[in-house]
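Subject: Structure for you to look at

Hello,

Here is the structure I promised to pass on. Please open it first, then read my notes below.

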Amino acid sequence: MTRDTAAYKAKVTDAFNEAAAIYDRMGVEFFTPMGRRLVERAAPRPGERVLDIGCGLGATLLPAARLIGPAGRALGVDIAPAMVEEARREAGRQGIGNVEVRVMDGEHPDLPARSFDLILGSYSVIFLPDARAALARFARLLADGGRIAFTSPVFARDTFPFLPPMFTELIPLDLLRHLPESWHPEQLHRQLHSWLEHPADLTAALRRAGFTDVRIADEPVPMTAASGTAWVDWSHTQGMRLLWQHLPGEEAAALRTRLVTALDALREGDGPVRIEVPVRYVTATVAR
Ligand SMILES: C[S@@+](CC[C@H](N)C(=O)[O-])C[C@H]1O[C@@H](n2cnc3c(N)ncnc32)[C@H](O)[C@@H]1O
């Protein structure tokens with residue numbers, strides 16, 4: 001691993017360690033419905049062995065574990081120890097016994113070849129600095145006929161990474177100059193996401209990694225937040241935390257006001273803010 005990659009992973013780990021206690025528990029529904037939908041598309045069968053890369057608190061891991069039943073086993077790995085701890089607690093709270101969670105860099109999974117039937121990754125593959133190389137490692141972990149299913153944002157060059165297009169006007173892209181260089185939009189697209197942007201590139205990357213039967217479907221996840229303030233507070237607990245952490249105080253305060261006002265304007269009376277977030281669902285089967 002280069003020094004840059006190690007520093008980037010340390011930042012991602014810190015951000016998710018800090019967010020773990022409140023991650024996805026801020027009265028904003030997004031990761032949970034997206035995870036449920038991904039599992040629906042991946043259709044785990046009773047008795048299967050499932051690996052969830054970047055499992056977070058288990059938005060995909062736990063519904064998948066339920067479907068594979070007591071004869072199956074589900075392993076969730078995450079780079080952030082606090083996320084793993086919370087996921088373990090959540091599995092216990094929900095009384096799900098066929099789940100194991102481990103701290104691991106999902107880009108280099110230290111696991112036996114051909115030992116899984118299904119690999120999942122919801123909004124996590126996007127965090128891997130060389131995700132295309134990781135896909136080939138994932139293919140090796142799959143038994144013959146094994147499947148992969150992951151989500152990503154629907155990236156476009158001129159939209160803020162991780163956010164639906166309506167935020168482009170609210171979060172001027174020049175604010176991203178405060179981010180570490182590897183998170184600048186052009187860098188992000190070149191280094192991390194360009195292959196995810198166009199379905200043809202994504203299909204080619206999966207084929208090169210050893211997959212076939214690639215299916216890509218863009219579908220909105222209806223996100224709800226109790227208010228503009230609730231959404232902004234929630235945004236500190238996901239990928240956007242990296243922006244909040246790097247914005248100087250005055251610009252952060254101005255951005256907060258702008259977002260709260262614009263989001264509250266979308267509400268009907270005391271109703272929640274509803275935002276359609278385009279999500280890309282990708283499924284493929286290992287080519288053997
Ligand atoms: C946006 S969260 C998604 C979590 C979960 N899949 C969900 O849908 O709620 C991204 C997760 O990926 C994890 N992650 C980032 N880089 C990783 C890596 N190299 N290896 C394993 N996990 C990683 C983060 O710690 C975080 O828990």
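**The cavity and its ligand**

The lining of the largest cavity is made up of 27 nonpolar, 9 polar and 5 charged residues. Bear in mind that this is a predicted model.

Some background on the search. Rolling a probe the size of a water molecule over the atoms shows where empty space is left. Here the count comes to 3 cavities of 30 Å³ or more. The largest cavity holds about 530 Å³ of space.

Which residues lie nearest the centre of that cavity? They are F16, G54, Y123, S124 and F127, out of a lining of 41 residues.

Several elements supply at least two lining residues each. Among the helices there are helix 1 (3–19), helix 2 (31–42) and helix 8 (228–235). Which helix gives the most to the lining? Helix 1 does, with 4 residues.

What takes up the space of the largest cavity? The ligand does.

Now to the ligand itself. A shell of 20 residues surrounds the ligand. The closest are Y23, G54, D78, D105 and G106. By class, the shell has 13 nonpolar, 5 polar and 2 charged residues.

Three of these residues deserve a look on screen, each beside a nitrogen atom of the ligand:

- G54: a backbone N or O atom lies 2.9 Å from a ligand nitrogen atom.
- D105: an N or O atom of the side chain is 2.9 Å from a ligand nitrogen atom.
- G106: a backbone N or O atom lies 2.7 Å from a ligand nitrogen atom.

How much of the ligand does the protein cover? On its own, the ligand has 600 Å² of accessible area, and the protein covers 99% of it.

Best wishes

Note on methods. Residues numbered from 1 in each chain as written. Predicted model: local features only at pLDDT ≥ 70, side-chain atom pairs only at ≥ 80, totals over all residues. Heavy atoms only, no water. Near = heavy atom within 4 Å. Polar contact = N/O pair within 3.5 Å; in protein donor to acceptor, adjacent residues only side chain to side chain. Areas by Shrake-Rupley, 256 points an atom, 1.4 Å probe, with all protein chains shown as cover. 1 Å grid on protein atoms, 1.4 Å probe; cavity = no way out; pocket = protein on both sides within 12 Å on 5 of 7 lines; lining within 4 Å. Sits in = over half its atoms within 2 Å of the grid points. Nonpolar A, V, L, I, M, F, W, Y, C, P; charged D, E, K, R; others polar. Points joined across faces, edges and corners; volume = space filled by probe spheres on them.
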